[in-house]
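Please examine the sequence and the structure shown below.

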Amino acid sequence: MKTVLFAWEHGGGFGHIANLGRFAALLKRPDVRAVFALKNPEAAYLLDANAEVLQAPPWPTAQSFRSTATMHDQLASAGLSDEHGLRSLLQSWDNILKAVSPDLVVADYAPAVSLMARGRIPLIIVGNGYTAPPGGMTRFPPLHRVHPPRWREEETLETVNRVLQSLARPPLERLPQIFAGDAQIVLTFPVLDPYDLQRSEPLAGPIIDSPPLEPKKNADDIFVYLSRAVLSALPFDLVSALLPVAERLVISAPDLASERSENLLRRGARVFTQHLPLSETLASARLAIHFGGGGLAAHAIAAGVPQLVVATHIEQLLNGLQLEKAGLGKVIDSFVPQVDISKPLEAILTDDHIRQQTAKAGHEHRDMLKTMKPLETFEAAALRLLGNS
């Protein structure tokens, strides 16, 4: 019997669990046991009903000052630079690894278990471009220039290595090695990869359940993905901003309270309380409005649909900036004071250049998907490592 531990430590949304569930399904065999260690075990309903689920050890209390300038700054903000807290975190993972005794660890934005598995248990790093930086880099490059990095990588590296030494684990030569496994499966397109210039290995490509369709010539819908949690974090009322174009809206709002959608329904919006099939929905869309999730962004690129991203955190903002840089959409930073969504919404709906650019990109990325096989790539790597373990 072989055991595979699927781990998730950082990040929000359901994409991490959904992907881990897909990977576990690929390895479902009588002689393979799947164990999940999740940041939010309550979301395990997305997995197989009989899934074995553990609570992933929480990271140390975050620093009062948070920085997103580099991936190092973000991990330091989350507690990587806290020597006492990091030692406790890694000891907790050590206890889990000893109890579960996995033959393979699959880590989705799970740097702490990656540190403890490295050189000890075969390790696959999975994630999108943002959550799976290249492990061979000398240091983490800036992700933006809003403010300079706050923490020094050399100091954090010394802290990490002291903790690793105390736990009889091999030291790191460079901090990006946290993301260096026996295999790395990066689930995105190059256009959405913030480390595209630093990455030397090919991307596996996004996981898209059904192939994107070519947009209909008369496509005029505005597809909107709404999330109650994200809406509550916005400093402005996005729902009210959408009312002027309500008759064109097709809204997927799985967790939105009914009172939030009443005005939209009265104005003619079509509001659905479930996830819509993206291929068919985007084929009728002239625009997709969402919060910058990598999966939806990748699908809309391949569908040839312009995107308006309302970003509430750094990963969403980076996806939006990458889209804007490529001429495939616009991004709204929700933390900018007095943001006005109506102007970029009107601009993108009337911008023929963006429509032409996204249509061209759609053709190119649909062709890319014909050769990108992320699930097959993962399965081959996992079976190889399980055979060697």
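Two strands are said to pair if DSSP finds at least two bridges between them. In this predicted model, strand β7 (residues 221-225) and β8 run parallel and are joined by four bridges. Within this pairing, Val224 is found opposite Ile251 in β8. Strand β8 also pairs with strand β9 (residues 270-272), again in the parallel sense, over three bridges. Here Ile251 stands opposite Val271 in β9.

How are the two faces of β8 (residues 249-252) covered? In a regular strand, side chains alternate between the two faces of the sheet. Leu249 and Ile251 are buried on one side of β8, while Val250 and Ser252 are buried on the other.

Attention now turns to a helix. Helix α1 comprises twelve residues (15-26), which at 1.5 Å a residue should span 16 Å; the C-alpha atoms at its ends are 17 Å apart, in agreement with this expectation. Which residues of α1 are buried? They are His16, Ile17, Asn19, Leu20, Phe23 and Ala24. Because these residues cover an arc of only 165° around the axis, they lie on the same side of α1. An α-helix has 3.6 residues a turn, so residues three or four places apart point the same way. The buried residues of α1 pack against the strands β1 (2-8), β2 (32-38), β4 (104-108) and β5 (123-127), and against α14 (374-388).

Thr3 counts as buried because its relative accessibility is 6%, and buried means under 20%. Leaving aside residues up to four places away in sequence, Thr3 touches Arg33, Val35, Val100, Ser101, Pro102, Asp103 and Leu104.

Note on methods
Residues numbered from 1 in each chain as written. Predicted model: local features only at pLDDT ≥ 70, side-chain atom pairs only at ≥ 80, totals over all residues. Heavy atoms only, no water. Expected span 1.5 Å × (residues − 1). Buried < 20%, exposed > 50% of the residue type's maximum accessible area, 1.4 Å probe, protein only. Arc of directions from axis to C-beta. Contact = heavy atoms within 4.5 Å.
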